[in-house]
Structures are given as structure tokens and as C-alpha cells.
Amino acid sequence: MTLTQSYLFLGLAIVVEVIATTALKATDNFTRLWPSVLTIVCYAASFYLLTFSLRVLPTGIAYAIWSGVGIVLISVVSWFVYRQSLDLPALIGLGLIIAGVLVINLFSKSVGH
């Protein structure tokens, strides 16, 4: 598997995880069937897709990117879907997460460019 393919699987894992987390709120503590099914299936699929990226990327690096990008995306999706607002400290924190992911991808030799 190439580095590009590994990032593709990682990106897919992130998108599916964001879908799962978005649906999680709609489960109403897992009392609603279809949002609950969607959440469980998407979380399982996300972890499955993540395993493919681990063939090339170090576990810590892949997880840092997966969780960091996932946090930022779910915050954006929650803003649009659930009208959850973000204050300045939250936006600064999200900016720092984005900066961390960029530093890992642009400067870390652990990624194997």
C-alpha cells in the first residue's frame, strides 16, 4: 500500500467517524433505532478503514490525524446541523489542532514522506 492510499483510507475513516458522531446525538441515548444502527455501523466501519492506514502510517501519527481532523470536522458539522455555536477559545483551540495536524504532515519524518 502506498502512502497516498494510506491517507485515502485515513480520510475515509475520518469522514465515516464524523457521520457516526453526528448520528450519535440523534440516537437519544440509543433509544432511537435507526440513528443507533447508523452510529454503530459507522463507528465499526471507521475503525476498519483506520486499520488500512496503519499498514503504512505509524499508529500514533494516524490516530493524531484521525482524532484531530475528526474533532475539527465534527465541530463544523455540529455548527451547521445542530446550531451549536463556538466561542473564541473554542475556535482558537480548533485552530491549534489544525496547526498540529499540519506540523505532523509537513515536518514530521515519522510519516514517511
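How many aromatic pairs does the count come to? I put this first, and the count comes to five aromatic pairs, where rings of Phe, Tyr and Trp (its six-membered ring) pair if their centres lie within 6.5 Å.

**Entry 1. Basis**

I note that this is a predicted model, in which local features need pLDDT of at least 70 and side-chain atom pairs count only at pLDDT 80 or more, while totals for chains, interfaces and linings use all residues. Residues are numbered from 1 along each chain as its sequence is written, and side-chain values use heavy atoms, with hydrogens and water left out.

**Entry 2. The chain as a whole**

I looked up the secondary structure and found four helices and zero strands in the protein chain; helices (H or I, at least four residues) and strands (E, at least two) are DSSP runs, numbered from the N terminus. The order of elements from the N terminus is α-α-α-α. The C-alpha trace spans about 45 × 35 × 15 Å along its principal axes. Of the 113 residues, 33% are buried, with buried meaning under 20% relative accessible area, exposed over 50% and partly exposed in between (1.4 Å probe, protein chains only). Among contacts with a separation of 6 or more, 66% join residues 24 or more positions apart; contact means heavy atoms within 4.5 Å.

**Entry 3. The aromatic cluster**

I record that a pair of aromatic rings is described by the distance of the centres and the angle of the planes. Of the five aromatic pairs, I examined Phe9 with Phe52, which is stacked at 4.6 Å centre to centre and 25° between the planes; planes under 30 degrees apart count as stacked, over 60 as edge-to-face and the rest as tilted. Phe9 lies in helix H1 and Phe52 in helix H2, so the pair ties together parts that are 43 residues apart in sequence. Phe9 is partly exposed at 23% relative accessibility, whereas Phe52 is buried at 15%. Phe52 also pairs edge-to-face with Tyr48, at 5.0 Å centre to centre and 90° between the planes. Both Tyr48 and Phe52 lie in helix H2, four residues apart, about one turn of the helix. Tyr48 is exposed, with a relative accessible area of 53%. Phe9, Tyr48 and Phe52 form one aromatic cluster.

**Entry 4. H1 against H2**

I next looked up the axes of H1 and helix H2 (residues 33-53), which come within 8 Å and cross at roughly 160°. Axes are lines fitted to C-alpha atoms, for helices over the stretch in contact, and angles run from 0 to 180 degrees between N-to-C directions. H1 and H2 are therefore roughly antiparallel to each other, the class for angles over 145 degrees. In the contact of H1 with H2 I read 18 nonpolar, five polar and one charged residues. Ala, Val, Leu, Ile, Met, Phe, Trp, Tyr, Cys and Pro count as nonpolar, Asp, Glu, Lys and Arg as charged, and the others, Gly among them, as polar.

**Entry 5. Leu10**

Is Leu10 buried or exposed? I found Leu10 in helix H1 (residues 3-26), and it is buried, with a relative accessible area of 1%. Leaving aside residues up to four places away in sequence, Leu10 touches Leu50, Ser53, Leu57, Ala62, Ile65 and Trp66.

**Entry 6. H3 against H4**

Finally, I noted that the axes of helix H3 (residues 59-81) and helix H4 (residues 88-107) come within 10 Å and cross at roughly 150°. Their contact has 11 nonpolar, three polar and no charged residues.

Key
Parallel < 35°, antiparallel > 145°, perpendicular 65-115°, else oblique.
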